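Good morning, and thank you for coming. Please take a moment to look at the sequence and the structure on the screen before I continue.

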Amino acid sequence: MKDKNIVIIGMPGVGKTSVAEAVAEKLGRKCIDIDTEIVKAHGDIPKIFEREGEKAFRAYEKEAVVKAAEQTPVVIATGGGSLLDPENTRALKATGTLYWITRPLESLATDGRPLSKGGIETLRKLYEERKDIYAAAADETLENKTIDTAAEEILRRNVTKK
């Protein structure tokens, strides 16, 4: 494999999509956003949760993750819960380097995010449930202070991995 995928992981609202798009643009690669792929195939995410529940959403998510991981070299923005399924993590790690993007919980976007409703306490609980999963999967960890600085840091670190 000539170039590995760059995979952005982290909490909902941390800026994964924006960072992934910036990295993809700088590298001239395709950017695949898992949530966008789900919306294209199955419709609005909050409505999926409402109509079909989280289990159905996670099945759609798995389908999108596996399909994205098979393409190389691309930049992938995962959903906040994509790594809850160990098979998704294995698929992403098989073709990519995983970058865990962090930022203070108080700074996370929550609009239109079904699992982030309920404010800071909900986010803290979600973070506690997921932080060890992100940490175990991540090849690299960095804070998203701004989209551009996070993207530049990923590019810098990616060059040293070749």
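Helices (H or I, at least four residues) and strands (E, at least two) are DSSP runs, numbered from the N terminus, and contact means heavy atoms within 4.5 Å. Angles run from 0 to 180 degrees between N-to-C directions, with axes as lines fitted to C-alpha atoms, for helices over the stretch in contact.

The model is a predicted one, in which local features need pLDDT of at least 70, side-chain atom pairs count only at pLDDT 80 or more, and totals for chains, interfaces and linings use all residues. Residues are numbered from 1 along each chain as its sequence is written, and side-chain values use heavy atoms, leaving out hydrogens and water.

Strand 4, residues 96-102, is joined to strand 5 by four bridges, and Ile101 stands opposite Leu142 in strand 5.

Lastly, helix 3 (residues 45-69) packs with helix 4 at an angle of about 15°, their axes 9 Å apart. The contact is made by Lys62, Val65 and Ala69 of helix 3 with Glu87, Asn88, Ala91, Leu92 and Thr95 of helix 4.

Methods: Pairing = 2+ DSSP bridges.
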